[in-house]
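Thanks for coming. Please have a look at the structure on the screen, and I will go through it piece by piece.

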Amino acid sequence: MTWEKTYRVHLSPDFSVELPLLDIGGGFCIYSFDMTGESQWNRVAAKELAKKLSAYDFDGIVTVQTKSCGLAQALTTEMDLPDYLELRKSRKSFMIEPKGIAVQSITTQAKQELWIGKEKYARFQGKKLCFLDDVVSTGGTIDAVMTLAKEIGVEIVCAACALIEGDERTEYKGIPLVSLDCIPLPGNIE
């Protein structure tokens, strides 16, 4: 693969973003897509995802801190959902009966953890949720979230993301996967 200095993605048919190529260590490169603080990106992506997700039946959204939280906020507003479940990347002292799981991300060198307290997940128990992320790569985060979801009593019935890294796909382990565009998988520049 030829690594260009930027890579153009479309969050809607008439809204594109140029992603910079970043070396995150040792020649391992990614096209950086960081939605934090990007209000317009989040609004545009939420509007497009809401159209695609209208075919699926779910009660709410579950996401992981931090990069997809703005998107979750915009999507719950766009779809008129009352709230969303946000998994934190560390255990907090105020969590009641916390549940956690380890996850390995392709772009993070160390293992991460996902945590949620009963004060947040109790209202979602017995519900069907859509997992939302900014980017889906190998599926490690989805796997962790699906495992944690079973433990707290919720069902993940579909997944959605702004971008997929690697080959475009429309499902992940039997659940629908909705996305807006694709970017190359991270890798080493040769």
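Two strands count as paired if DSSP finds at least two bridges between them. Helices (H or I, at least four residues) and strands (E, at least two) are DSSP runs, numbered from the N terminus. What you see is a predicted model, where local features need pLDDT of at least 70, side-chain atom pairs count only at pLDDT 80 or more, and totals for chains, interfaces and linings use all residues. Residues are numbered from 1 along each chain as its sequence is written, and side-chain values use heavy atoms, with hydrogens and water left out.

The overall picture comes before the details. The protein has four helices and 13 strands. For 190 residues, a compact globule would have a radius of gyration near 16 Å, and the protein agrees, at 16 Å. That radius is taken over C-alpha atoms, and the globule rule is 2.2 Å times the number of residues to the power 0.38. Along the principal axes, the C-alpha atoms fill a box of roughly 45 × 35 × 30 Å. Of the 190 residues, 48% are buried. Buried means under 20% relative accessible area, exposed over 50%, and partly exposed in between, with a 1.4 Å probe and protein chains only. Contact means heavy atoms within 4.5 Å. Among contacts between residues at least 6 apart in sequence, 61% join residues at least 24 apart.

Four strands form an open sheet in the order 1-2-3-13, with antiparallel pairing. Strand 1 (6-12) and strand 13 (187-188) are at the edges with a single partner strand each, so one side of each has no neighbour in the sheet.

Strand 2, residues 15-23, pairs antiparallel with strand 3, residues 28-31, over three bridges. L21 has Y31 in strand 3 as its bridge partner. The hairpin of these strands, strand 2 and strand 3, has four residues between them, and G25 there takes a positive phi near 135°.

On to the pairing of strand 3 with strand 13: these run antiparallel and are joined by two bridges. Which residue of strand 13 is the bridge partner of F28? The partner of F28 is N188. F28 itself is in strand 3 and is partly exposed, with a relative accessible area of 22%.

Last, helix 2. Its buried residues are C69, L71, A72, A74, L75 and T76. What do they pack against? The buried residues of helix 2 pack against helix 1 (39-53), strand 4 (60-64), strand 5 (84-87) and strand 8 (128-136). As a reminder, an α-helix has 3.6 residues a turn, so residues three or four places apart point the same way.

Take T76 as one example. T76 lies in helix 2, which covers residues 69-78. Is T76 buried or exposed? T76 is buried, at a relative accessible area of 5%. Leaving aside neighbours within four places in sequence, T76 is in contact with I61, L81, D83 and Y84. Just after helix 2, D80 takes a positive phi of about 55°.
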